[in-house]
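Please find below some notes on the model under review. They are set out as numbered points.

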Amino acid sequence: MKTVTTIAVAIVAVIHVAIAMVEMFFWETPFIYERLRFTPDIAHQVAPIVNNAGLYNAFIAAGLFWGAFNQNRSIRLFFSVCVIVAGLYGAVTLSPTTLLLQTLPATIALILVWLAHSRSKL
């Protein structure tokens with residue numbers, strides 16, 4: 001169970017590395033901003049904000065990797081919940097796709113972390 005949990009948390013971390021890379025380095029690529037229905041002008045105007053969000057996603061990824069590889073339940077729970085909240089907020093304010101991309105994997109990881117801890121107490 002510990003290995004599955006570690007893999008689940010690491011997958012969420014990898015997703016956030018990808019999100020950070022897109023937001024920080026590829027935001028002004030038409031394929032990216034058009035998926036969120038931005039025009040080239042608006043995409044360029046909001047680029048500094050999106051780039052900054054990318055840095056925050058990189059921090060989330062770092063925290064998830066930290067939790068995944070040091071087996072710290074509290075760190076895993078904290079960063080998984082952060083992703084779930086961010087995914088829910090993103091689904092409301094940006095795109096419902098965020099539920100599938102962020103919230104669902106983080107929720108699965110959170111459940112696995114919780115179950116692994118519960119089973120270790122038995």
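How many aromatic pairs does a search of the whole structure find?

1. The search finds 4 aromatic pairs, where rings of Phe, Tyr and Trp (its six-membered ring) pair if their centres lie within 6.5 Å, and planes under 30 degrees apart count as stacked, over 60 as edge-to-face and the rest as tilted. One of them joins Y56 and F59: the ring centres are 6.3 Å apart and the planes stand at 90 degrees, so this pair is edge-to-face.

2. This is a predicted model, in which local features need pLDDT of at least 70 and side-chain atom pairs count only at pLDDT 80 or more, while totals for chains, interfaces and linings use all residues. Residues are numbered from 1 along each chain as its sequence is written, and side-chain values use heavy atoms, with hydrogens and water left out.

3. Y56 and F59 both belong to helix α3 (residues 40-70), 3 residues apart, or about one turn of the helix; helices are DSSP runs (H or I, at least four residues), numbered from the N terminus. Y56 counts as exposed because its relative accessibility is 51% (buried means under 20% relative accessible area, exposed over 50%, partly exposed in between, with a 1.4 Å probe and protein chains only). F59, at 51%, also counts as exposed.

4. F78 and F79 form an edge-to-face aromatic pair, with 5.0 Å centre to centre and 85 degrees between the planes. F78 is partly exposed at 49% relative accessibility, whereas F79 is buried at 14%.

5. T5 lies in helix α1 (residues 2-26) and is buried, at 0% relative accessibility. Leaving aside residues up to four places away in sequence, T5 touches R76, L112, V113 and A116 (contact means heavy atoms within 4.5 Å).

Terms used:
Helices (H or I, at least four residues) and strands (E, at least two) are DSSP runs, numbered from the N terminus.
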